[in-house]
Structures are given as structure tokens and as C-alpha cells.
Amino acid sequence: MSPTRRCSRSACAKVAVATLTYVYADSTAVLGPLATYAEPHTYDLCAGHAERLVAPRGWEVIRLAPDPDADRPSSDDLLALADAVREAARPPEPEPEPPGETGTRRGHLRALRNPDQ
């Protein structure tokens, strides 16, 4: 289990629930659901700081609503899990015999027949 991420604001130890990203080229601040992974140049915010966020004058704030179904496993997640279990249970395919090398194979050694005999 990954450790709980905390709010990026100094002196705040609350659990982060949102991620803030600045798009400097567009003078936009994007506040959305907590990102899956902590990324450089993004800020994780607790509910209070996310709610009170204001952008600099002339900037636009885009607030992305969290997807309520994102916390529950989807059918895609369950199918991927089932496929992974099937793949892990499948016996490995035997390696094909390289052409020109006939003989018996024992472990990592191969006994070759003498072509002159």
C-alpha cells in the first residue's frame, strides 16, 4: 500500500484530495482529483486548501469534478485482472529446437550428434 500523500501547503498536515497543476502558457490553474502519482511541478492539496484556491489576477482556474465511479473497480479492471490470472496460470511454451542441432537436451546442456557418423 502506498503512503498517504499530504497537502503541499506549508504547515498543513492534512490528507491531500486534489492535485493542482499550472499551465503557464495559458495562464491557467487546473485543479482536479488527486493524481495517481505525485509528479514534479504539481501540488497536492487538502479539501480546505483546494476549496479556497484562488489564482493570480488574470489567470483562469479550471476545477475538474472528480469521477464518482473512479474509486470503484470497473469492468475493465476486473477483465484485466482475470486476463493476468489466466496468463500466469498458463504453462510456458517449449522452446523450439534450433535448426541443425538435433540431439537430446538435458537442463542447460545439449548433446549433439557427430555429423560424420
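This is a predicted model: local features need pLDDT of at least 70, side-chain atom pairs count only at pLDDT 80 or more; totals for chains, interfaces and linings use all residues.
Q: Which residues form one aromatic cluster here?

A: Tyr22, Tyr24, Tyr43 and Trp59 form one aromatic cluster. Residues are numbered from 1 along each chain as its sequence is written, and side-chain values use heavy atoms, with hydrogens and water left out.

Q: How many aromatic pairs does the structure hold?

A: Rings of Phe, Tyr and Trp (its six-membered ring) pair if their centres lie within 6.5 Å; planes under 30 degrees apart count as stacked, over 60 as edge-to-face and the rest as tilted. The structure holds four such aromatic pairs. In one of them, the rings of tyrosine 22 and tyrosine 43 have centres 6.1 Å apart and planes at 70 degrees, so the pair is edge-to-face.

Q: Which parts does the pair of tyrosine 22 and tyrosine 43 tie together?

A: Helices (H or I, at least four residues) and strands (E, at least two) are DSSP runs, numbered from the N terminus. Tyrosine 22 lies in strand β1 (residues 18–23) and tyrosine 43 in strand β3, so their pair links parts 21 residues apart in sequence. Another pair joins tyrosine 24 and tryptophan 59: the ring centres are 5.8 Å apart and the planes at 85 degrees, so this pair is edge-to-face. Tyrosine 24 sits in the loop between β1 and β2, and tryptophan 59 in the loop between α1 (47–51) and β4, so these parts are tied together across 35 residues of sequence.

Q: Is tyrosine 24 buried or exposed?

A: Buried means under 20% relative accessible area, exposed over 50%, and partly exposed in between (1.4 Å probe, protein chains only). Tyrosine 24 is exposed, at 58%. Tryptophan 59 is partly exposed, with 24%, and so is tyrosine 22, with 26%.

Q: What is the order of the strands in the sheet?

A: Two strands pair if DSSP finds at least two bridges between them. Four strands make an open sheet in the order β3-β1-β2-β4, with mixed pairing. At its edges are β3 (42–45) and β4 (60–63), each pairing on one side only. Strand β2 (residues 28–33) runs parallel to β4, and four bridges join them. For example, alanine 29 has valine 61 of β4 as its bridge partner.

Q: How many disulfides does the structure hold?

A: A disulfide is a pair of cysteine sulfur atoms within 2.5 Å. The structure holds zero disulfides. For cysteine 7, the nearest cysteine sulfur is that of cysteine 12, 3.8 Å away. The nearest cysteine sulfur to cysteine 46 is also that of cysteine 12, 3.8 Å away. Cysteine 7 is buried, with a relative accessible area of 7%, and cysteine 46 is buried at 2%.

Q: Which residues make up the largest nonpolar core?

A: A nonpolar core is a set of buried Ala, Val, Leu, Ile, Met, Phe, Trp, Tyr and Cys residues joined through side-chain atoms within 4.5 Å. The largest one has ten residues: Cys7, Cys12, Ala18, Leu20, Ala29, Leu31, Leu45, Cys46, Ala50 and Leu53. Strands β1 and β2 each supply at least two residues of this core.

Q: What is histidine 49 in contact with, leaving aside its neighbours within four places in sequence?

A: Contact means heavy atoms within 4.5 Å. Histidine 49 lies in helix α1 and is buried, with a relative accessible area of 17%. Apart from neighbours within four places in sequence, histidine 49 is in contact with Cys7, Arg9 and Cys12.
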